[in-house]
Amino acid sequence: MPENALLAGPSLRRLRKREGLTQAAMAASLGISPSYLNLIERNQRPLSARVLVQVIERYDFDPRSLREDEAIGGVDGLARRMADKRFADLGIDREEVQEFLAAAPQAAAAFARLYDNSHPGIERSDDPVGEARQAIERWQNHFADLDHAAEDLADELRLSRGDISAALIERLREKHRLSVRVLPAEVMPGLVNRLDLHARQLQVSEMLPGAARRFQIARQVGSLEQRDTIETLVAGAKLSSPEARDRFREHITDYVAAALLMPYRRFLRACEQTGYDLAVLQRRFAVSFDQLAQRLTTLQRVGERGLPFFSARFGRTGRMVHFSAGASGAIYPLDGARWPAWAPYAAFESRGTMLMQAVTFGEGEAAQRHWFTIARTIEVDGAACSARRSIVLGIEARFAGDLTHARGVSLDPQDAVPLGVGCPRCGRADCLTPAPPRLAPMRADTREA
């Protein structure tokens, strides 16, 4: 069966019962046999485009309800909940999660709701960072409407000016009557940018390097021109607190900026042509490594999918300060795990050098999953301080064979470094690379000092 086949049996069955129809009556109205409808309702056949059109026309049906599993993050979101250590003895694998979600999406949603409201460490309404993260994961970090709009605008800007920076500045000036002014750090203490509507200026700190400066300008253009779409997404997320809504809004505004600087089709084509060569992509699109890593987690356009990467960022203490699963299905233990044997930690000792490593992890899953990871450090420049972070990109090893950076790295699972459950719960007395005691479990949403 094709990967993107639409299995929507439970939704169709609920619709039939709502209409008070027998299978024979509904099948007759749709022009199919009762046995075929029975197979569709039992998810043994996909819902074809022709039948879907008939359902929409005859029953005033909203096709978006066929993707009701997106409300809980789909298979990946449900798998992350099932990975809880309290279920580890049950050996629930990804295939069972898929079967549960396909056969009983409402029951799966009920489980997810109960889990989210009862688990002490999961995203709660009093955890705005976690709640915003959960909203992002429901979309698998891909916002199609924003991507298409940003791509159209990027094409328009490139037609008018060859230099994207100049084109963005001109767009602000001509359409929004805003100029861009770079100001000394002492004039903008603790700030990277400021919108001064009185002076009609976007003010940017001189401390920002070129890629970060371009990103801030693109971000301002995107926030002005996609305000309605952004606010519709924020309202639709139904987040419980202003802080969570602000976090989600910040993320999708950053998303628009990245989509402007790395337009989807051009970016995906460049990825495929270069074997996802990160150095070439970074130079070609004039972006930072961090911006590039985030963009690689968003390539889930229907019919034009890129490889499913996850991305994480670590502070110098070894604490993870950001994680984006994208469509990778990666389950990272957010409650303080430390894996000193993993490349992101070694990257701090090899400043600016890309380190490749094959590892296995997947806490709570029946079998550890095999990943290919790329890590390197970045310098985070700001108006007040400069700090170093370690960025890691990861992808399941089965997808990594054609990657430029995987050449010379064994993708045999037997050669992968097993990362286990993370230092706080490992308990091995003979470990050669233990996390130091100061790396006690901390909340992942606490900002790096």
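The accessible surface of the chain comes to about 21,700 Å² (Shrake-Rupley method, 1.4 Å probe), and carbon and sulfur atoms account for 51% of that surface. The model is predicted: local features need pLDDT of at least 70, side-chain atom pairs count only at pLDDT 80 or more, and totals for chains, interfaces and linings use all residues. Residues are numbered from 1 along each chain as its sequence is written, and side-chain values use heavy atoms, with hydrogens and water left out.

**The whole chain**

Display the chain as a cartoon, with 18 helices and 11 strands (DSSP runs numbered from the N terminus: H or I of at least four residues for helices, E of at least two for strands). Of the 449 residues, 50% are buried (under 20% relative accessible area with a 1.4 Å probe, protein chains only; over 50% is exposed, and partly exposed lies in between). Among contacts (heavy atoms within 4.5 Å) between residues at least 6 apart in sequence, 63% join residues at least 24 apart.

**Helices α2 and α3**

Select residues 23–30 for α2 and residues 34–41 for α3; the two helices pack at an angle of about 105°, with axes 8 Å apart. Axes here are lines fitted to C-alpha atoms over the stretch in contact, and angles run from 0 to 180 degrees between N-to-C directions. The pair is therefore roughly perpendicular (65 to 115 degrees; under 35 is roughly parallel, over 145 roughly antiparallel and the rest oblique). Show side chains for Gln23, Ala24, Met26 and Ala27 of α2, and for Pro34, Leu37, Asn38 and Glu41 of α3, which make the contact.

**Two loops with positive phi**

Most residues other than glycine have a negative phi. Move to asparagine 141, in the loop between α8 (128–138) and α9 (144–160); its phi is near 55°. Is asparagine 141 buried or exposed? Asparagine 141 is buried, with a relative accessible area of 2%.

Next, select lysine 238, in the loop between α12 (227–237) and α13 (242–261). Lysine 238 also has a positive phi, of about 55°, but is exposed, with a relative accessible area of 72%.

**The nonpolar cores**

Finally, select Leu168, Leu296 and Leu403, which touch the most other members of the largest nonpolar core, a set of 49 residues (buried Ala, Val, Leu, Ile, Met, Phe, Trp, Tyr and Cys joined through side-chain atoms within 4.5 Å). Centre on leucine 296: beyond its neighbours within four places in sequence, its contacts are Phe267, Cys271, Tyr276, Leu278, Leu307, Phe309 and Leu393. A second, separate core has 18 residues, including Phe323, Ala343, Ala347 and Phe361.
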